[in-house]
Amino acid sequence: MALRRASPLERHPLARLVLGRLVVGIGTLLVVSILIFYATEVLPGNAAYAILGHNASAQEVHVLEVELHLNRSTIAQYGSWLGNMLRGNPGMSLAASLPVWTVVKARLINSAVLALVSGLIGTLIAVGLGVVAAARKDGKLDNTLSATALAVTALPEFVVAIALVMLFATIVFRILPGISVLPPGTYAWQRPTLLVLPVASLAIIIVPYIFRMTRAAMIEALESDWVEMARLKGVPPLRVLARHALPNALAPIIQVVALTFLYLAGGIVIVENTFAYPGIGQGLVNAVTTRDIPVIQFIVLALAAFYIVVNILADVAVLLVTPRRRFPR
Amino acid sequence: MTAAARRPRRRRGSGLIMVRAAGTRRGRVGLILTAIVVLVAVIGPLVAPNSPTAFATLPYATPDGHLWLGGDTLGRDALSRVLDGGWVLLLMASAATAVGVGLGAAAGVAAAYLGGRLDSAIMRIVDVILAFPQLVFALLLVSIAGPKLWLIVIAVGVSHAPQVARVLRSAALDISERPFIKVMELNGVRPLRIMASEILPSLVTPIVVEAGLRLTFSIVVMAGLAFLGFGQPPPAPNWGYMISENRVGIVSNPWPVIVPAVLIALLTVGVNTFGDAVARVSIGATGRRSELALASAAIGTVGGSDERLAVGAVLGGEESW
């Protein structure tokens, strides 16, 4: 059999992977968008009824349906809806009578700040603690940390948030604001004190997961032959930890960090509502309460897109830290 | 029939895995915590001194000898509301867990055993549902039909199914390849029967571990939805909603917030700790006891966006290329 020259994509498995994932991701997002569209616009209790209330006359409903293009076939409706979304025009908020983008833009930024800051702080603390616990496996510190992690893992977000409010904002101390209302036109980073408790709540929730996986991955790596070899060679313990064990534990750590960011997409809903923090989580709950369908559609779609992007990034990162996985055997 | 083809004798006690877990220290702690809360929720409505919806005192009145937890936001008896506010939450969380584990197990086993197009179709559906955060998925459904309790149960259940399906699919893949299944196929046993009476019973252990994990998440999500106001309509008491409705009066009378929060926390921590004990016992039993296997069981995933780079695959060291 003649040797075939590898195509550029075959020679760059990373590029191939990213491309493949992008295609699958866009496909998934398309299906998600269909699901969101059908769920919110086509099922009984459609937008016209949602706006007018259920005792609206048939005449009123018809007028509004024409206005919202609800009288066209569902496929045509979906087509124009998707077209508008892609052109960056997600429609008008029914509750605010403003373009959805105007309503949601500041919220998106605030939520991104909240999720990113909590994710980074949580990851740093958890990986640090996980490495220390693994290095001192079954020691006193490890046992304490592991038991605490097991308990905290299961706590609901709002329980942690309320406990923090009681501790730092109301009953015990009064050193931090218990709600994080931002004046319109300001962004979260302009008022760092307002970010402290929401960030702390989310960080406390995510640390146990990352800690547990880091600890486990490090223990596995520390028990391996190559670490044994390094020790026997007389490599200093810290260097064994950082240069020999940690790189081999990175893949599962990256995966769990990715899962954590995915979790944050849902976790912000509760935390933002607890602190009245003006992000998309609070926006979503407000929109569900007022049945503001265009806003619901946009936020849910944005969260789904975030999920897909994080997944692709995680896969790429895992490939980068595990060279042997880059090539099929 | 050769020895290899004979079906493996079911490990005695694989159905009794929960009993063995309860024997461990961790399992006992989890069970006791859970039992305390379940007892409060179940017996509570019978022993509540007052009606949970009647006005008994001033809003946020401090506790006294008569009303042990004082008054809530409208001056109702906080203790009676606590005692009556748990059982619906528990029922809904259990029902959602049953829906999620049932759906997920069926989908996972079917995908693994029947394979081919059905497998890829099921796993694509799983990917789509996974793109919604659980709470957001439930909120989306609630936005369509309003906060109906059955709808919330189904929404939370369905949002669990993809993770369950992934975990059980990878467990079922392994069993589908065993010789005793091949022998049954050659004997003409129908696929549905093989799945129902051979594969599913072999998966009891992972199903129990999954169920524990999903129950924890169900309680967290259900209580979270109630906290956001998507639970039973007021004035019905609900631990989740009590926390948000009484938050404003936290300085005058913190008890209507503290007690429900502590009960929910004890419940989720208890269930999760017991689930962890079950996972430890089961992984110990299958001889794959490793910290990584335990951690991934605790996070409840075989992970990432597809099998090749799945967390489980990376963790288990299985080469899945």
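Predicted model: local features only at pLDDT ≥ 70, side-chain atom pairs only at ≥ 80, totals over all residues.
Hi everyone, let's start with the fold of chain A: read along the sequence, the pattern is α-α-α-α-α-α-α-α-α-α-α-α-α.

How much of chain A is buried? Of its 329 residues, 41% count as buried. As for how the chain folds back on itself, take the contacts in chain A with a separation of 6 or more: 70% of them come from residues 24 or more positions apart.

Now let me zoom in on one helix, H5 of chain A, residues 74-86. With 13 residues at 1.5 Å a residue, helix H5 of chain A should span 18 Å, and because its end C-alpha atoms are 18 Å apart, the expectation and the model agree. H5(A) is also hardly covered, with 1 buried residue among its 13. After H5(A) comes Gly88(A), which has a positive phi, near 75 degrees.

Let's move on to where the two chains meet. How many residues does each chain bring to the contact? Chain A gives 56 residues and chain B gives 49. On the side of chain A that touches chain B, the elements giving two or more residues include helix H2 (13-42), helix H9 (192-222), helix H11 (237-275) and helix H13 (293-321) of chain A. Helices H7 (140-153), H8 (157-170) and H12 (280-290) of chain A are also among them. And what is that side made of? Its residues divide into 39 nonpolar, 9 polar and 8 charged.

Definitions and conventions. Residues numbered from 1 in each chain as written. Chains lettered and ligands numbered in written order. Contact = placed C-beta atoms within 7 Å. Helix = DSSP H or I, 4+ residues; strand = E, 2+ residues; numbered from the N terminus. Nonpolar A, V, L, I, M, F, W, Y, C, P; charged D, E, K, R; others polar. Buried ≥ 20, exposed ≤ 12 C-beta atoms within 10 Å, placed from the backbone. Expected span 1.5 Å × (residues − 1).
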